[in-house]
Amino acid sequence: MGAGHAHKLYRHARSPVHELPPHCKLAAVFCFVLVVVATPREAVWAFGLYALLLAAVAGAARVPYGFLLRRLLIEVPFVAFALLMPFVVPGEKVGVLGLSLSEPGLWGAWNILAKGTLGVAASVLLAATTELRALLLGLERLRMPPLLVQIASFMIRYGDVVTDEMRRMRIARESRGFTARGVRHWGVLAKSAGALFIRSYERGERVHLAMVSRGYTGVMPVIDDVTATRAQWTHAAALPLAALAVCLTGWTLT
Amino acid sequence: MHVPDGFINAPVSLATGAVAASAVAVCLRGARRELDERAAPLAGLVAAFIFAVQMLNFPVAAGTSGHLLGGALAAILVGPYTGVLCISVVLLMQGVLFADGGLTALGVNITDMAVVTTVVAYALFRLLAKALPRRRSSVTAAAFVAALVSVPAAAGAFTLIYALGGTTDVPIGKVATAMVGVHVLIGVGEAVITALTVGAVVAVRPDLVYGARGLAKPLEIRRADGTVVPVEVSKAAPRPVRKIAGVGLVLALALAGFVSYYASTSPDGLEKVAHDKGIDTRTEQHAAKDSPLADYQVKDVGDARLSGGLAGVIGVGATLAVGTGVFVVVRRRRNRAESAAPVSETV
Amino acid sequence: MTLSLETPSLEVSGLAFAYPDGHQALFGVDLTVRRGERVALLGPNGAGKTTLVLHLNGILGGGDGSGVGSVRVAGLPVTKPNLAEVRRRVGIVFQDPDDQLFMPTVREDVAFGPAAAGLRGAALEERVHAALERVGMADFADRPPHHLSFGQRRRVAVATVLAMEPEILVLDEPSSNLDPASRRELADILRSLDVTVLMVTHDLPYALELCERSVILSGGVIAADGPTGELLCDEDTMRAHRLELPFGFDPRSVVMGR
């Protein structure tokens, strides 16, 4: 595959992880996150092991750790929520650095931070090693309804086109000396949004004409078919299976 | 409001996933019916539009800005079915491509941000559009109210899910108050922008606004002497719309009841409930009676977490069963109505 | 297919059409395009050019009762049961390549038409490669369309239609928004193709350069039909149909290279 399909998170490289079929990776990541979510929060060491597992995958995928860590910032709003917990959750108080914090609150914060971070890291790894197009094929292979896959692929194809139109409209506004500074200017922005909707909808109609002209009858023709060998499934399953082992150990020990 | 992994426990995540999947399945059929083979390109472009509009920042004051969530806007512009699909696809792509919102929380995110906002907004919108005079300004006003309510409704839905499967025992009263409080504020912004945007579209291409389709002037026939005879158009109001409106209203009422119930209960009372690990729930009369979640901890099961989870699964399962039941009944009635339709036409 | 050379690529006769809102766009169009011809369809805005084009592959009309007259593509009437074959035979290149290129990659976009017609596997790849080769875009197969320049997108749009091996290529404003170099490259490509071409355009020098014959559609009927050079020199006809040559352009002074 060429250099196409770079989305923000994708990092082009050749690695065993990049070469796994997309539906295997999607299934593996989903099962992994599910296992993580089902792990008892008291098994602190288990989350450490999960992090090591992900680090190993990142290493195999040649995804730099700095890149991975930067992408984790997306969770920040929920970190704030988690940090509030020790203060608002009722329960036994413990003194930490002179603050009186609730113990269940601390556990709750830990639970959300650990599981949320591992979830984001796993998703980032998936996105970093899988091209957009492949992700869609993978979702289709995993029995996502074809209409939904089509909608998603149109959204991705035209996301940039629509965003570009929005940018041009902003430039047009600003060239006429308008900058939105407060609530008073919402009307103008909303008019732009309305115009953007009309343009998008009309483009949708034209795209439909172009599709019909080339023989579209409501079903996307099969052009690429992704398949996975047993060996590839086994490789992809390594991550969730290892995690499952950790999780089960966690449940028996706590 | 993109919920990450680990916020909601695994059983409830899976159950909401099932709820979201069935809602999306219903909408896929609905969208096919509304848009036939144009469904894919049109819904795709509208999803791209919602995606872009979420990036459009609206300055609030002194450097802060907010952005549109888009559920109400999508519902009013393209109809409830296509609206749900568009927002769901946006959420799915945000989760898979940008790690925004956890994969296991996808069901939660789709349920509250795509399904609840869209359905509640559309139901309110239809109701108001019916009640208000048939004017363009009514469309704008209805859009305002619909968007205003849809955001706290989503927050309420989230609180409900959190009550069933939240991983931390934050008192639900506090969660409800905080979530709904904050989202009422967000809802005001959402409402203003949605109303203005819908107003802008109605002014230029009223035919594109799904929710304003009833506004077109009826055909009229002019007689030679100048008298005007309005053409009798068969009142074939699309039944699915009524169904959606009904479901949405019930949903909105249930949420409202739930939220107000918890928000008005004193947090201290609830703290006690949470703290007493379910054994004392029976004695806390006011917290246990009349609540839709009265049994959110199953009796006779010692372990609080387990019982909570179990109750969650049972509760969601029951909701699913009821929901499916409603759809089956509606489907059957529609089938009967359809088979009866040709007869009534020939009469 | 065993069609004699005498069967015209396109035969439109007595075509009239009104939109559902009552606006009538075509008032009896007769047009025959022989195989291998390149014809320019000229006319002012609102003359019904787009309406006519949408009839050629049955998006409008097609025996749904909203119009009269008939369209035949290589002898095959444009009617509901024939639509799939008609759409394979008539390749329309729309004005905005972003509308035409709706798939995630160039390769998949070019493959869309043939795949919808049932082609699979190696034969499909072969077809896609050949079509991209003909417009000089074979190196861009795996690129997403929005990463290409406008001229490149227009060329890929032509390839998406060529991949269906059409009987007739219909281009809507092919030279619009192109810089001079892209414009010339596209002209070279179009000249190198051995298919029938119907080109809707306002770009009169382009019509003169590429098409030996032009027809003027005005007010929903064919108002003039003849060699492009002669039509462009006929000042009365030109003025009557709101057609104007660019400043300083004299069709008489153009020495045709053919």
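Predicted model: local features only at pLDDT ≥ 70, side-chain atom pairs only at ≥ 80, totals over all residues.
**Stop one: two helices in chain C.** Now show the side chains where they meet: α4(C) brings Val106(C), Asp109(C), Val110(C), Phe112(C) and Gly113(C), while α6(C) answers with Val156(C), Ala159(C) and Thr160(C). Colour this contact by residue type and you'll get five nonpolar, two polar and one charged.

**Stop two: the domains of chain A.** Hop over to chain A and colour 16-139 plus 227-253 as domain 1, then 145-213 as domain 2. Taken over C-alpha atoms, the centres of these two domains sit 35 Å from each other.

**Stop three: where chain A touches chain B.** Keep chain A on screen and bring in chain B. The contact draws 69 residues from chain A and 63 residues from chain B. On the chain A side, pick out α2 (22-37), α5 (76-88), α6 (103-129), α8 (146-175) and α9 (186-213), each of which supplies at least two residues. Which helix gives the most to this side? Zoom in on α9(A), with 17 residues. By type, the chain A side splits into 44 nonpolar, 18 polar and seven charged residues.

**Last stop: chain B by itself.** Hide the rest and switch to cartoon: chain B has 11 helices and four strands. Of its 347 residues, 50% count as buried. Among contacts in chain B with a separation of 6 or more, 72% join residues 24 or more positions apart.

Methods:
Residues numbered from 1 in each chain as written. Chains lettered and ligands numbered in written order. Contact = placed C-beta atoms within 7 Å. Nonpolar A, V, L, I, M, F, W, Y, C, P; charged D, E, K, R; others polar. Buried ≥ 20, exposed ≤ 12 C-beta atoms within 10 Å, placed from the backbone. Domains from an automatic or database assignment.
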